[in-house]
Amino acid sequence: MNLRGVAVAGLVVATIGIYVARAGGAPAPIVPPAVVLMVVAAVLLVVFRTRTWPAVVAVVVAVAEAAGVILTGSLGNLGFAEPLLGAGTALRVLGVLAVLAAGTLLVVRPVRPGSAPRTGKVTS
């Protein structure tokens, strides 16, 4: 799997984590804003495969989700008292870490000779 695929998978895993945590008792609306942002970021990564900016969007969304997990005290849910809540939080954290790692590498990696241009423009 390439870096873009890892970033998309991380966004999907984090989104699933939100709903697993919700099933475990975490207070959340039916469609949390974080879910909308992560789905949009994943779609952008898939649709604009030759561009760098969707990776920047994915990293920004992952940073916002990480801040949300930390600032709301959700990291305390990683214990075994509520299994679904802990599993959902773990999925969110793992997904966000995957997006942060893969997305950052997508943004800063050098273009390899012979690969598609990052701008999406065709060169002759």
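Visitor: So which handedness does the crossing have where H1 passes H4?
Guide: Left-handed; that label means the near helix is turned anticlockwise from the far one by less than a right angle, with clockwise being right-handed. One caveat: this is a predicted model, where local features need pLDDT of at least 70, side-chain atom pairs count only at pLDDT 80 or more, and totals for chains, interfaces and linings use all residues. Residues are numbered from 1 along each chain as its sequence is written, and side-chain values use heavy atoms, with hydrogens and water left out.

Visitor: What's the angle between H1 and H4?
Guide: About 160 degrees, with the axes of H1 (residues 3-23) and H4 (residues 83-108) 7 Å apart. That makes the pair roughly antiparallel, a label for angles over 145 degrees. Axes here are lines fitted to C-alpha atoms over the stretch in contact, and angles run from 0 to 180 degrees between N-to-C directions.

Visitor: And how do H1 and H2 sit?
Guide: H1 and H2 also cross at roughly 160 degrees, and their axes come within 9 Å. H1 and H2 are therefore roughly antiparallel to each other. Residues making that contact (heavy atoms within 4.5 Å) include Val8, Leu11 and Ile18 of H1 and Met38, Ala41 and Leu45 of H2.

Visitor: OK, zooming out. How many helices and strands does the protein have?
Guide: Four helices and zero strands, going by DSSP runs (H or I of at least four residues for helices, E of at least two for strands).

Visitor: What share of the residues count as buried?
Guide: 31% of the 124 residues, where buried means under 20% relative accessible area with a 1.4 Å probe, protein chains only.

Visitor: Which residues have the most contacts inside the largest nonpolar core?
Guide: Leu11, Met38, Ala41, Leu45, Ala58, Val96 and Val99, in a core of 19 residues. A core like that is a set of buried Ala, Val, Leu, Ile, Met, Phe, Trp, Tyr and Cys residues joined through side-chain atoms within 4.5 Å.

Visitor: What does Leu11 touch?
Guide: Leaving out residues up to four places away in sequence, Leu11 touches Met38, Ala41, Ala42, Leu45, Ala58 and Val99.

Visitor: Switching topic: where does Leu78 lie?
Guide: In the loop between H3 and H4. Leu78 is partly exposed, at 41% relative accessible area; that class runs between the 20% and 50% limits. With residues up to four places away left out, Leu78 touches Gly86, Thr89 and Ala90.

Methods: Angles under 35 degrees count as roughly parallel, over 145 as roughly antiparallel, 65 to 115 as roughly perpendicular and the rest as oblique.
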